[in-house]
Amino acid sequence: MTETHHETELLTPSPEGLARAAALLRAGALVAFPTETVYGLGADARNGTAVAAIYASKGRPSFNPLIAHVADVSAAQALVEWNAWAETLAAAFWPGPLTLVLPLRAGHGVSPLVTAGLSTLAVRVPAKACARDLLAAFGGPVAAPSANPSGRISPTTAAHVEAGLGGRIAAILDDGPCGVGVESTILGLAGEAPMLLRPGGLAAEEIEAVLGQPLALRDAADPLSAPGQLLSHYAPRASVRLNAGSFAPGELSLGFGPGSYDLNLSETGDLAEAAANLFGHLHRLDAQGQPIAVAPVPERGLGVAINDRLRRAAAPR
Ligand code: TXA
Ligand code: MG
């Protein structure tokens, strides 16, 4: 565990707030900031001590590699060996909720703690204006996992970050809730075919339409194809039951589609709305300390990422 900070600064994305956040990053401190997917816990990716503090403050196992957030394609190209798939996908989906894993480029300057010693690096250009403004003000790559204690639900508001990491990080940049609500889709582009390493905020169908080919699926038996994807993750404190058709007394119900539930991911059955609500609703139900049962969510589009996170929330631990 890291040493305790006296107090976590709460910053707004004003010019002063952004300048303060960038100065803290330059000084090697940790700053949580919003992206369109979830809040990230940022550190200067070139500063090994700062990156080590990410692992320490989250209590995260250090074999879990991090995503380097950059301002634009040229900043990504300075870190990784670019290729034709990356070119096509970046043109279609950046800035946005897509992370590309590519071979590290000589002279990249990124701390080996970011890649956990791998020869590849995950890079992404986030879309949320506050994240882009911070990256521009800082002027370098920012390593950032989701800003939650390891194994707990990902944060989609500054209040979630404060509740999980307050007092343990230098600052939180607050720019309201995250619009997408689940983490980025991660694609491996360092192998023979583009591979879906993690379903996320960009549906696989959209990627396949742009690539004109199906994505290879991750080999679950090969730990290197998705390092750090622990099964029990995103876990509320209470137990979670999936695909519930009915609800027992004492269970809190999380719905999808029309019906009467304690909370509903989307009354109209809209998967984008459900993704945006997912972690916030799990945080609210978890605060009540009772078992949670979740109605079925269709396994298509963003439903694939939602169900992936729900299965992790429900996994034995
Ligand atoms: O939306 C997101 O992606 C958020 C926001 C903050 O950008 N970030 C996020 O980071 O979800 P994190 O650390 O929770 O998840 C990063 C995952 C790792 O668990 C690992 O599975 C994968 O990215 N990853 C990172 N580097 C990799 C690499 N070189 N090869 C394969 N997978 C990698
Ligand atoms: Mg995470």
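**Reading helices and their surroundings**

A: Directly following α2, G59 adopts a positive phi of about 65°. Helices here are DSSP runs (H or I, at least four residues), numbered from the N terminus. The model is predicted: local features need pLDDT of at least 70 and side-chain atom pairs count only at pLDDT 80 or more, while totals for chains, interfaces and linings use all residues. Residues are numbered from 1 along each chain as its sequence is written, chains are lettered from A and ligands numbered from 1 in written order, and side-chain values use heavy atoms, without hydrogens and water.

Q: Which residues of helix α2 are buried?

A: Buried means under 20% relative accessible area (1.4 Å probe, protein chains only). In α2 (residues 48–58), these are A50, V51, I54, Y55, S57 and K58. Their cover includes β3 (39–44), α5, β7 (142–143) and α7 (158–165).

Q: At what angle do α1 and α6 pack?

A: Axes are lines fitted to C-alpha atoms, for helices over the stretch in contact, and angles run from 0 to 180 degrees between N-to-C directions. Helix α1 (residues 15–26) and helix α6 (residues 129–138) pack at about 55°, their axes 9 Å apart. α1 is therefore oblique to α6; angles under 35 degrees count as roughly parallel, over 145 as roughly antiparallel, 65 to 115 as roughly perpendicular and the rest as oblique. Contact means heavy atoms within 4.5 Å. On the α1 side it involves L18, A21, A22, L25 and R26, and on the α6 side C130, D133, L134, A137 and F138.

Methods
Helix = DSSP H or I, 4+ residues; strand = E, 2+ residues; numbered from the N terminus. Buried < 20%, exposed > 50% of the residue type's maximum accessible area, 1.4 Å probe, protein only.
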